[in-house]
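I opened the notebook to look up a few helix contacts and a stretch of surface. The entries follow the order in which I checked them.

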Amino acid sequence: MMAQSDLDLKETALKEDLKFYFMNPCEKYRARHQIPWKLALQILKILMVTTQLIFFGLSNQLVVSFKEENTVAFKHLFLKGYSGVDEDDYSCSIYTQQDAYDSIFYVINQYKQLKNISLGTLGYEHDGSGLKICKQQYKKGAMLPSNDTLNIDISTETECIVLKPQELASKKAELKLNSSFFNLEFYRLIQVEISFKLKGIALQTIHARELPDCYAFQNTITFNNRAHSGKIKIYFDSDTDIQECKDWHILGSVFQKNSQYILVFDGFVILSCLASLILCTRSIVLALRLQKRFVNFFLEKYKRHVCHADRLEFINGWYVLVIISDVMTIIGSILKMEIKAKNLTSYDVCSILLGTSTLFVWVGVIRYLGYFQTYNVLILTMQASLPKVLRFCCCAGMIYLGYTFCGWIVLGPYHEKFEDLNTVAECLFSLVNGDDMFATFAQIQQKSTLVWVFSRLYLYSFISLFIYMILSLFIALITDSYDTIKKYQQSGFPVTDLHEFLKDCGNVSYRKEQASMPSICCCRRRLSDDNLILIN
């Protein structure tokens, strides 16, 4: 009798703790007058993190625009005849030998006069480097196209010269420019690569009351003659590296005050995220302890194990999402503070961390909307349909890959959207969404009747299969899950062992609509176990 009485007391205490754990913040306040600190902190954190992201986004926008505008300026400065619009994936092209020589010497001359012609705050590299010109070509041979004869060594050789800024006005530079290096034999020339490094300072950040950044631009101009088709494609590539300004003096205290205010705000963001991280971690630890109590009690009283889905009820996925978001926000805020103090220049890493963390923070708002049955439909529908959607996508993905490989190998030589695998995949995905259909049909080259007929069969079959069948089935899966959730909300969710255990426990209410989908899918209570579950 004593053992049975202790077991009943343990069961009552466990039920009360379980009921309280599954309450929402408002119910917890009404039950025990416990202030919802986590809820208040999450609301405050949403406002602070969003404000922080807006400030960083405005600053990062200046960096991006400075990079892009300098790249455009470099193309106009160093590419002879550049129209302002790139040709496909390359900047421009030339078709005669004289154009090739003119374009190469044009780059050299513009580099020489850079400080006199450039509108930007640009300068040469200070470490002694200059304009590096390299030509790659096949070893000597002979070629007579009229007689269909070719005698050439396919092994390549590379030769380079360097023209330093201080040498360009001297006779030494003239000797280099008149040397045999610039006597190009185009039949064996593979490419000419011109690379040079420039430095600049972004003064536009001063108008935003921020300290300026120093930039290093590694520019590379490639004259690509690999095809030997009579057309040399000119590629311009500019890699930008943000560096710390070694010595700067700016009069006025506005910059320092503005920087200090933002650094203090970032510090408060870190403190709020740290508090949120501690509270959510504590909640998960307490939930695991409560899970262990429930599993041990169930095994002790009913002589069987709790199913996996009921165990997952104790793991709050929203807390895990908040913890990941807090960690990313803390790291991103530290990087932002270092960038603001001009000790680091990792804009991309900081953008990824702050952007992803803000995404998770706003997705977490759905949790609080889920306390209302009307808004909870979205969460439960996504949760219920996810396993079926993933299995369906695996099957549809096999068909999609088949069309991707087929289109690449057959239509690649005749259609620019099928030239490489990545472009093919993007083109087919656009077709699934109904984008750019007529242009895809119209751009196929009619050089081969067989390929043209195949392209029609290929595109018609793909569009019909994916839009009319696969996409419709995909929508039907989600609609079926939605109908199931609506029916459960009207007639009640399937009862699991955990829910049956908590069915009757005083006057404390339990949110049945918060039942998770794993319970619906794989862990219904067995009717044969009714005699094992004791209800007070």
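I take helices as DSSP runs of H or I with at least four residues, numbered from the N terminus. The model I am reading is predicted.

Entry, surface. I looked up a nonpolar patch on the surface, formed by Met 398, Ile 399, Leu 401, Phe 405, Trp 408, Ile 409 and Leu 421. Together these residues have about 670 Å² of accessible area.

I located Met 398 in helix α12. Met 398 counts as exposed because its relative accessibility is 57%, and exposed means over 50%.

Entry, helix pair. I then turned to helix α3 (residues 37-78) and helix α4 (residues 97-112), whose axes come within 9 Å and cross at roughly 115 degrees. On the α3 side I listed His 76, Leu 77 and Phe 78 as making the contact. On the α4 side I listed Tyr 106, Val 107, Gln 110 and Tyr 111. I sorted the residues of this contact into five nonpolar, two polar and no charged.

Entry, Val 365. I placed Val 365 in helix α11, which covers residues 365-369. Is Val 365 exposed or only partly exposed? I noted 22% relative accessibility, so Val 365 counts as partly exposed; the buried class would need under 20%. I also checked Val 365 against Ile 43: the two are 322 residues apart in sequence, yet their C-alpha atoms are 8.7 Å apart in space.

Note on methods:
Residues numbered from 1 in each chain as written. Predicted model: local features only at pLDDT ≥ 70, side-chain atom pairs only at ≥ 80, totals over all residues. Heavy atoms only, no water. Axes fitted to C-alpha atoms, helices over the stretch in contact; angles between N-to-C directions. Helix = DSSP H or I, 4+ residues; strand = E, 2+ residues; numbered from the N terminus. Contact = heavy atoms within 4.5 Å. Nonpolar A, V, L, I, M, F, W, Y, C, P; charged D, E, K, R; others polar. Patch = residues over 30% accessible without salt bridge, like charges linked within 9 Å, V, L, I, M, F, W, Y side chains within 5 Å. Areas by Shrake-Rupley, 256 points an atom, 1.4 Å probe, with all protein chains shown as cover. Salt bridge = Lys/Arg side-chain N within 4 Å of Asp/Glu carboxyl O. Buried < 20%, exposed > 50% of the residue type's maximum accessible area, 1.4 Å probe, protein only.
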